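The exercises below are meant to be worked through with the sequence and the 3D structure in view. Try each task before reading its solution.

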Amino acid sequence: MTESGAQLFARLEARRCLKDIEPRLFPEDGGPNHGEVVELYGTEGTGKTELLYHLLCRCVLPVATGGLEVDVVFVDTDYSLDMLRLVSILDSRLNAGRPTGSSAASSDEAALRSCLSRLLVVHCSSSSQLLLTLHFLETSLSSRPGLALLLIDSISAFYWLDRCEGGASIAKQEEKLSKCAELLGRLLRDYRITVFATCHAIRRSYSEPSSASTSECDRPYLCRRWQRLVSHRLLCSKQESANNMAASAGGSKEQRRQQVFTVHCTSSSSSRTKAHRSSSFYVTDGGVEFI
């Protein structure tokens, strides 16, 4: 494949490193580097998508309001992207970062439009469409040097469909996702983007009831090629705040009535040993709020 001068420049140009995208999620100096993949793993309703919204807003917001001001691609495979929710969070963050005394509605709208202009949303309904989207992404990466983050919600959306279509052959079941992971690996290497992807947990059955704990749900089950790409794993879970009164004693009564979500991060790469960190957060009208 031939490559134009503009494409070569865009590919080789250093993209924004997202190592500081959210220090409270990752071990010290352990955030995602260029070309790394972060997997957000957990059962339904454990705050994975809300965390994606939080990270997305952090990226598209202007530097003046604490953002990174980079372009983002959001691949929605679950058709669960709530744009009204996303705009509400963005508006809340913009208001919080606005200088005291300024309240021009026109400037607020312009700032919101500027944030949304940095976001590209793609919907996929099959692994084949996801593969085509990744091929299309190479064109976007060539034309948008500011594009630094790819979000996929979720990478496991077509797991059961692919298993059904693959029949009894494990290789056939994993073929499409393996091709997606292979192409994604090349994009990570050539364009040095950062990827965050959610993955649904599968509840497995065991002979001993006592072994069916939350920890039994965090075993990777997607294809090996995808697992080899993942350098950071965020295990998401939730619990009622009544069980965490000590951690939230300083909060308001309203906060203490909310659910508490917990994220346990495991980071590892060829350049460093494994590191761990746990953090907790609430989900408020203005988005994720860490405890």
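## Exercise 1: Helices α2 and α3

Helix α2 (residues 48-60) and helix α3 (residues 83-97) have axes that come within 10 Å and cross at roughly 50°. Decide how these helices are oriented to each other, and list the residues through which α2 and α3 meet.

Solution. Step one is the angle: in this predicted model, the axes of α2 and α3 cross at roughly 50°. Angles under 35 degrees count as roughly parallel and those from 65 to 115 as roughly perpendicular, and α2 and α3 are therefore oblique to each other. Step two is the hand of the crossing, which for α2 and α3 is right-handed. Step three is the contact itself, where Glu50, Tyr53, His54, Leu56, Cys57 and Val60 of α2 meet Arg85, Leu86, Ile89, Leu90 and Arg93 of α3. Sorted by class, the contact of α2 with α3 holds 7 nonpolar, 1 polar and 3 charged residues.

## Exercise 2: Two partners of helix α7

Work out how α6 is oriented to α7, and then how α5 is oriented to α7.

Solution. Begin with helix α6 (residues 159-166) and helix α7 (residues 170-191), whose axes come within 7 Å and cross at roughly 135°. Angles over 145 degrees would count as roughly antiparallel, and the value found here makes α6 oblique to α7. The crossing in which α6 passes α7 is right-handed. On the α6 side the contact is made by Asp162, Arg163, Glu165 and Gly166, and on the α7 side by Lys172, Gln173 and Lys176. The classes in the contact of α6 with α7 are no nonpolar, 2 polar and 5 charged residues.

Continue with helix α5 (residues 127-143), whose axis comes within 9 Å of that of α7 and crosses it at roughly 10°. Angles under 35 degrees count as roughly parallel, and α5 and α7 are therefore roughly parallel to each other. The residues of α5 in this contact include Leu130, Leu131, Leu134 and Leu137, while those of α7 include Cys180, Leu183, Leu184 and Leu187. By class, the contact of α5 with α7 divides into 10 nonpolar, 4 polar and 4 charged residues.

## Exercise 3: Asp71, buried or exposed?

Find the element that holds Asp71, settle whether Asp71 is buried or exposed, and name the residues that Asp71 touches.

Solution. Asp71 is found in strand β2, which covers residues 71-76. The relative accessible area of Asp71 is 15%; since buried means under 20%, Asp71 counts as buried. When residues up to four places away in sequence are left out, Asp71 touches Arg118, Arg144, Gly146, Leu147, Ala148 and Leu149.

## Exercise 4: Backbone geometry in the loops

Most residues other than glycine have a negative phi, and most peptide bonds are trans. Where do Glu69, Tyr79 and Ser154 lie, and what is the backbone geometry of Glu69, Tyr79 and the bond between Asp153 and Ser154?

Solution. Glu69 lies in the loop between α2 and β2, and its phi is near 55°, a positive value in a residue that is not glycine. Its relative accessible area is 38%, which makes Glu69 partly exposed. Tyr79 lies in the loop between β2 and α3, and Tyr79 likewise is not a glycine but has a positive phi, of about 55°. Ser154 is found in the loop between β4 (147-153) and α6, and a cis peptide bond with omega of about 5° joins Asp153 and Ser154.

## Exercise 5: The whole chain and its confidence

How many helices and strands does the protein have, and over which residues does pLDDT stay under 50?

Solution. The protein has 9 helices and 9 strands, and buried residues make up 47% of its 291 residues. Among contacts between residues at least 6 apart in sequence, 71% join residues at least 24 apart. As for confidence, the mean pLDDT is 84, and 79% of the residues reach 70 or more. Over residues 205-215 pLDDT stays under 50, and the model has 6 contacts beyond four places in sequence for them. The pLDDT is also below 50 over residues 245-249, a stretch with 5 contacts in the model beyond near neighbours in sequence.

Note on methods: Residues are numbered from 1 along each chain as its sequence is written. This is a predicted model: local features need pLDDT of at least 70, side-chain atom pairs count only at pLDDT 80 or more; totals for chains, interfaces and linings use all residues. Side-chain values use heavy atoms; hydrogens and water are left out. Axes are lines fitted to C-alpha atoms, for helices over the stretch in contact, and angles run from 0 to 180 degrees between N-to-C directions. Helices (H or I, at least four residues) and strands (E, at least two) are DSSP runs, numbered from the N terminus. A crossing is left-handed if the near helix is turned anticlockwise from the far one by less than a right angle, and right-handed if clockwise. Contact means heavy atoms within 4.5 Å. Ala, Val, Leu, Ile, Met, Phe, Trp, Tyr, Cys and Pro count as nonpolar, Asp, Glu, Lys and Arg as charged, and the others, Gly among them, as polar. Buried means under 20% relative accessible area, exposed over 50%, partly exposed in between (1.4 Å probe, protein chains only). pLDDT is the predictor's confidence in each residue, from 0 to 100.
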